[in-house]
Amino acid sequence: MTMNLLPSERLAEFRECLAAGARLYGPVEVDGIVLFEELGGRPPAIRPGNPANSLKSFLCPQTEAVFDFEGGYTDVALRVPAAPTAQAIFGVRPCDAVALERVSRVLLAEPFADESYRQRREMTTILTMACREAGPHCFCRSVGVSPADGRGSDVVLYPADGHYLLEAVTARGLSVLQSAGAFLDPARDEAARATCQSTPVPLIGAVEREDLAARLEAVALHPHWDELARRCLGCGACTFLCPTCYCFALFDTVRGARGRRSRGWDSCQFKDYSLMAGGHDPLPTKASRIRRRFLHKLSRFPAVQGEYACVGCGRCGGTCPVGLHLAGVLSELEEVLR
Amino acid sequence: MNPLVPQVATILAIREDTPDVRTFTVRPDGEDFPPYRPGQCAMLSLFGVGEAMISITSTWAPETALEFSVKRAGRVTSALHQAEPGHKVGVRGPYGNSFPVDQWVGHDLLFVGGGIGLAPLRSVINHCLGRRAEFGRVDIVYGARSPRDLCFRQELFESWPKVPGASVQVTVDAADAEWEGPVALVPPFLEQLKPDAAGTFAVTCGPPVMIRYTLQALTRLGFPDDRVFTTLELKMQCGVGKCGRCSIGPKYVCIDGPVFSAAELKSLPAEY
Amino acid sequence: MTDRQAALRDIAAGLLGGGQFATFIGFRAGLDPSRPVPHFVRDASGAGALVINPFCGAGLARHVLEALEDGPVGILTRGCDGLGLERLIADGRVARERLHIVAVACRGAVDPARARAILGRIPERAEVDAQAVTLIAGEERRSVPRDSCLLSRCLNCVDPSPRLADSWLDEPLPAGVRDFKAVSHMEQQPPEARYAFWARQFRRCIRCYACRNVCPACSCRSCSLDDPELQERATSLADQFGFQFTRAYHVAGRCVACGECQRACPMSIPLSLLNEKFLKDIRDSFGIADPHRPSAVEPLACYRPDDPESWRGDAR
Ligand SMILES: Cc1cc2nc3c(=O)[nH]c(=O)nc-3n(C[C@H](O)[C@H](O)[C@H](O)COP(=O)(O)OP(=O)(O)OC[C@H]3O[C@@H](n4cnc5c(N)ncnc54)[C@H](O)[C@@H]3O)c2cc1C
Ligand code: SF4
Ligand code: SF4
Ligand code: SF4
Ligand code: SF4
Ligand code: FES
């Protein structure tokens, strides 16, 4: 794959060149927190770890129209939304890019590929900043992701002193590097990548990679889930912010003769997630829903897809108001088993 | 094409089967609905209300309309019960796997239905009866809460019993003044009938409790798990394996089901 | 510090050992030392895991609602937890006699995210006093001003000790008077600046409703936000304002200023500021000195037949 060096002082120009043909998003600091937002010329806030929101906001937006309709009982016309325009996301962490690859396995699966996701994915360029320093709640390595991972990215930037090593991972990435050729130096710096590959990741000790699925299934009915349920608020913040959670709901809204069917994020942590007409609910308790979240991520998704539905991004570690995050719960389960 | 966008379709006819079940005959306004197999479902929707997954109870033939038997249960299904012929609905599908009919060729068939559960069975029964020569005996056992709640009466009492080598046994949980037939819950009624398990495939569909006890009864009657089929019902939103809603263990009921053999069911976690 | 912790464990073990209490709610260590987690002790032997330290941030009051389903509850209670319990009691959701309140005086809880930003790594311990906070990790000790790293609710706190108590772990600290400085400052901004500020805040709301789920004043058995008709958690700015105002109005007059909504909000939206605006208006309009403390007179939470305005405000 093509490698180039970008001198650090030319990073801003490189970004400008990205913004030329696309809306450019990246991490920015807003009122003290770091969020992915449209950069609009602001300098990106590249910090260890991840912004509060994930790329999901731009690839499967929280709410989006599936179609609009207009008419009455006996005549209805549907209108599908306009195709998305090009976007580029700068300063993505490797785990987030891998998360897109994980979610794509489900959303792009044929024969019913999710068309709006597919279009957005095709119009999105992912420019990843490999990690020289991990965030406080990161544990990527224990779920098979590396701080220098290139999966899901178009271009990976490996930071080094005074410059970045740029690697084009996809054909789209290659064309980005070609269009930015003026700033790039064809030299290589293998050490930049090696450094990121060996970045220490703080919480890996808490999550055993070997046999995770089997170990979890073995404790699926342990009373500790009830203890977790007492603590959990059922707010679903963990799943809304998680880059690998993809559950959504469909709903209709009407104003007079016009209306819209939309899709929007949903969460298995919500109490009526699986409640059926007539009152039957296969996940009737908070404990059963928490178990579902962990088993889905670490056992059931991997059973089909061969990879975890968790990339160790650490968001749940920083956001769950009661500390019920993936690494924490796994370490608690190990503890109660001992 | 976005799989979540339905075809606009017109309700051609509505039949009132029971106080809370109506059968809708529906035809897409544009392109024909794709060919479907017995046991498959479709997302039926009212614009402005929402969608519901409904079994296609008709049997596919070129250029025929779709039939859906809908029980009034919640928002969408209640609103459908308010609809009239000529009204527009959305329809997308067909979704899900189907009954493995070809695997049954040369065998006797036993269908055990309860309530609205006869809707998916009806499509497979009519499909098999359409290929009558390929199967042995076809025995149909059906029950509903009361005589008023029996669906598909015309077929139950007139067409199916007339088919050579077919039998229909109907029971109700509670009789009314006119009812002269058996009064029993489906599972014990089935056990009394003592169907011959040897060389027979059994298919059951109905409310969750009925399915549970029917599966147990079939086991006691000697049906091996790989010759018993049923359908699972889980809440659905997308119907196409994306929204996560209907997952059970590693399977999605909307694409990997709704038809499962009793053997497959046993390998899934008891979250249904 | 450790004395209080030992006393807490003894009391909890005693309550659970006595057989009358089903649960004791406190904190225990989490995977991250700066984020202890709410802990639900179910038998006397589990009391040894209880901890008290300046990182104990989560509000505990709301958790009694579910815990009471299993039987009477003992609960570690700071000033803010106490106000939350008073709220639940005043709203008829919790019976006072089914609680054993173990009161502790609180000098403020450390915000783990801010503390880490200051130290550059996760602090292992912290010491909080009236002047400063000391963050400790390994050999490193760093003293910083309180307002640099305490939870924002703690900076405005005037109720360090609860008003209700069955046992005390230490001496109560005196209560103060809210000054509404931040609200006053906001009120002085021109409308465009206020609008721009709130638009920037509300725009990032992800509509998870964690703010509702933690709130001791937001404890309705079924919430209209869960109605299928309102399933759409649309995130246009107009919808965001609609949701935020609805939430704030629903707790106006009953909010106890415990700051849990803001602490729980994964998007760090300053919800307390909005709540404080209502509190200040209640103080100014109705002459109630401490509108955040549940009391016999709650102007927005009572109905009087002789009220000059009908409740819909449209007819006399
Ligand atoms: C594979 C399958 C086949 C089905 N076939 C039939 C049939 O032939 N005839 C029939 O009357 N009913 C059938 N059902 C049940 C039917 O889908 C529900 O009764 C219907 O979705 C209820 O929707 P509602 O809006 O009226 O109820 P509400 O409770 O208001 O529904 C809220 C939402 O939950 C979903 N939902 C609620 N209950 C169910 C449920 N039991 N199954 C799936 N989604 C649900 C709905 O799609 C809707 O989006 C079938 C269900 C499945 C899963
Ligand atoms: S685990 Fe935490 S973030 Fe997730 S629903 Fe429970 S309380 Fe909310
Ligand atoms: S479960 Fe937690 S750590 Fe894993 S991907 Fe989701 S938010 Fe990140
Ligand atoms: S963890 Fe829950 S919300 Fe997330 S993808 Fe899995 S089922 Fe959906
Ligand atoms: S907790 Fe924050 S992000 Fe969640 S709904 Fe409330 S204000 Fe919005
Ligand atoms: S209904 Fe969406 S995954 Fe099955």
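A polar contact is a pair of N or O atoms within 3.5 Å. In this predicted model, Glu51(B) meets that cut-off through its backbone: an N or O atom there lies 3.0 Å from an oxygen atom of ligand 1. Arg75(B) also approaches through its backbone, with a polar atom 2.9 Å from a ligand oxygen. Gln237(B) uses its side chain instead, and a polar atom of that side chain lies 3.0 Å from an oxygen atom of ligand 1. Taken alone, the ligand exposes 820 Å², and the protein buries 87% of this area.

Ligand 1 sits between chains A and B. Its shell holds 24 residues. The closest are Ala277(A), Met53(B), Lys71(B), Thr77(B) and Glu233(B). By residue class, the shell comprises 14 nonpolar, five polar and five charged residues. Three elements of chain B each supply at least two shell residues: strand 4 (50-55), strand 5 (66-71) and helix 1 (75-82). Strand 4 of chain B gives the largest share, five residues.

The position of the ligand can also be described by domain. Chain B is divided into domain 1 (7-95) and domain 2 (101-266). Both domains of chain B give residues to the shell, so ligand 1 lies between them.

The two domains of chain B also touch each other. Their C-alpha centres are separated by 21 Å. The contact draws 24 residues from domain 1 of chain B and 22 residues from domain 2 of chain B. About 1,700 Å² is buried between these domains, and carbon and sulfur atoms give 58% of that area. On the domain 1 side, Pro38(B), Thr57(B) and Thr59(B) lose the most area to domain 2 of chain B. Together these three residues account for 26% of what that side buries.

Chain A likewise has a two-domain assignment, with domain 1 (2-197) and domain 2 (212-337). Here the C-alpha centres lie 25 Å apart. Domain 1 of chain A brings 38 residues to the contact, and domain 2 of chain A brings 36 residues. The area buried between the two is about 3,300 Å², with 57% given by carbon and sulfur atoms. In domain 1 of chain A, the residues that lose the most area to domain 2 of chain A are Lys56(A), Phe69(A) and Arg102(A). Together they make up 19% of what that side buries.

Note on methods:
Residues numbered from 1 in each chain as written. Chains lettered and ligands numbered in written order. Predicted model: local features only at pLDDT ≥ 70, side-chain atom pairs only at ≥ 80, totals over all residues. Heavy atoms only, no water. Near = heavy atom within 4 Å. Polar contact = N/O pair within 3.5 Å; in protein donor to acceptor, adjacent residues only side chain to side chain. Areas by Shrake-Rupley, 256 points an atom, 1.4 Å probe, with all protein chains shown as cover. Helix = DSSP H or I, 4+ residues; strand = E, 2+ residues; numbered from the N terminus. Nonpolar A, V, L, I, M, F, W, Y, C, P; charged D, E, K, R; others polar. Domains from an automatic or database assignment. Contact = heavy atoms within 4.5 Å. Buried area = accessible area lost by both parts, 1.4 Å probe.
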